[in-house]
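Please keep the sequence and the 3D view at hand.

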Amino acid sequence: MRLNKFFTAAAAAAGLAITFSTASSAFAADITGAGATFPYPIYAKWAEEYKKASGIGLNYQSIGSGGGIKQIKAKTVDFGASDMPLKAEDLQADNLMQFPAIMGGVVPVVNLEGIVPGQLKLTGQVLADIYLGKITKWNAPEIASLNAGVKLPAQDITVVHRADGSGTSFLFTDYLSKANPDFKAKVGSGTAVKWPAGVGGKGNEGVAANVQRIKNSIGYVEYAYAKKNKMSHTQLKNHDGQFVQPDDATFKAAAANADWAKTPGFAVILTDQSGKTSWPITGASFILMHKTQPDANKAKEVLKFFDWAYKNGGTMANELDYVAMPAPVVKLVEDAWKAQLKDSAGKAVW
């Protein structure tokens, strides 16, 4: 499966599954996962290369973080994926463990005639007011004052948001809540919130498709979707007051001070981090697995896939502007696998 073909299809689809298995590997222990659309591009690439290396296939349903959490709790998949980390008490209640797989950035994207990628500047305060329905015109003074010399249309803004339970929405609303007290009070942060205005789209794919289709619209997607679909992302003013562009360097800067070792369940949230070059809507994507595994061999295959991705997937991650997990964090994660994941007899899976 060519990645560029995936992005073409993704722009028109709301929920996708990647399946890399062939008749020759029908008896191999193929693995299944479901959840976040945020990491779908890199999981697709990893799955393609891992299939070549190991013969093991991955079927990953790109249905949103909310769906992934539901499916792993229902034990219908081998792992779930969420961009909103679960709290320690929620992990304990469902006997789950959680670990980060990849990091990346969420970016606002616009469909404005004459505006090129990275040209438009926004602040968190203004972006939140757009999503609150308080700023309704593209040439509003709040936007125009940030974009001297940029020709902004006197047109209504069409807001596009996620319609499904979404970790991308969690990262976006968490940032807006930190940047704008009114947004925090009226909408708040979460995978699913009551949006005051706008049009919904399912998955990063659905939001991207809506923004591309609707003139004078604004939405938010994982950066790989914006880049591969040649969408016009914006600059954002970060915690230190600097306007920055999204890329792997600014995502890495936001992740630089994360304290993975001391955060229960690795539940680090990377939005609105300090640092002059930090991208303010950065986040990790997490994998969820049951601590007690009735099929130890299948669980081990899942861990072998992510172990391979940690050790071999960094270049692929960089090519798609994700940020690979640093080696010390990988060591912490794999130690957690050994300590927490057991078979039905209590023996360590890894």
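Which residues line the largest pocket? The lining consists of Ile72, Lys75, Val77, Asp78, His290, Thr292, Gln293, Pro294, Asp295, Lys298 and Ala299.

A word on the ground rules before going further. This is a predicted model, in which local features need pLDDT of at least 70 and side-chain atom pairs count only at pLDDT 80 or more, while totals for chains, interfaces and linings use all residues. Residues are numbered from 1 along each chain as its sequence is written, and side-chain values use heavy atoms, with hydrogens and water left out.

**Empty spaces**

Rolling a probe the size of a water molecule over the atoms shows where empty space is left. On a 1 Å grid over the protein atoms alone, a cavity is a set of points where a 1.4 Å probe fits but cannot get out, whereas a pocket is an open set with protein on both sides within 12 Å along at least five of seven lines; lining residues have an atom within 4 Å of a point. A volume is the space filled by probe spheres set on the points, which are joined across faces, edges and corners.

| Space | Volume | Lining by class |
|---|---|---|
| Largest pocket | about 160 Å³ | four nonpolar, three polar, four charged |
| Largest cavity | about 30 Å³ | seven nonpolar, no polar, no charged |

Here Ala, Val, Leu, Ile, Met, Phe, Trp, Tyr, Cys and Pro count as nonpolar, Asp, Glu, Lys and Arg as charged, and the others, Gly among them, as polar.

Strand 14 (292-293) and helix 12 each supply at least two residues of the pocket lining. Helices (H or I, at least four residues) and strands (E, at least two) are DSSP runs, numbered from the N terminus.

**A helix pair**

Helix 2 (residues 40-54) packs against helix 12 (residues 296-312) at an angle of about 105°, with the axes 10 Å apart. Helix 2 is therefore roughly perpendicular to helix 12 (a term for angles of 65 to 115 degrees).

**A loop residue**

Ser274 sits in the loop between helix 11 (248-255) and strand 13 (282-290). Ser274 is partly exposed, with a relative accessible area of 37% (buried is under 20%, exposed over 50%, partly exposed in between, with a 1.4 Å probe and protein chains only). Leaving aside neighbours within four places in sequence, Ser274 is in contact with His239 and Asp240.

Methods. Axes are lines fitted to C-alpha atoms, for helices over the stretch in contact, and angles run from 0 to 180 degrees between N-to-C directions. Angles under 35 degrees count as roughly parallel, over 145 as roughly antiparallel, 65 to 115 as roughly perpendicular and the rest as oblique. Contact means heavy atoms within 4.5 Å.
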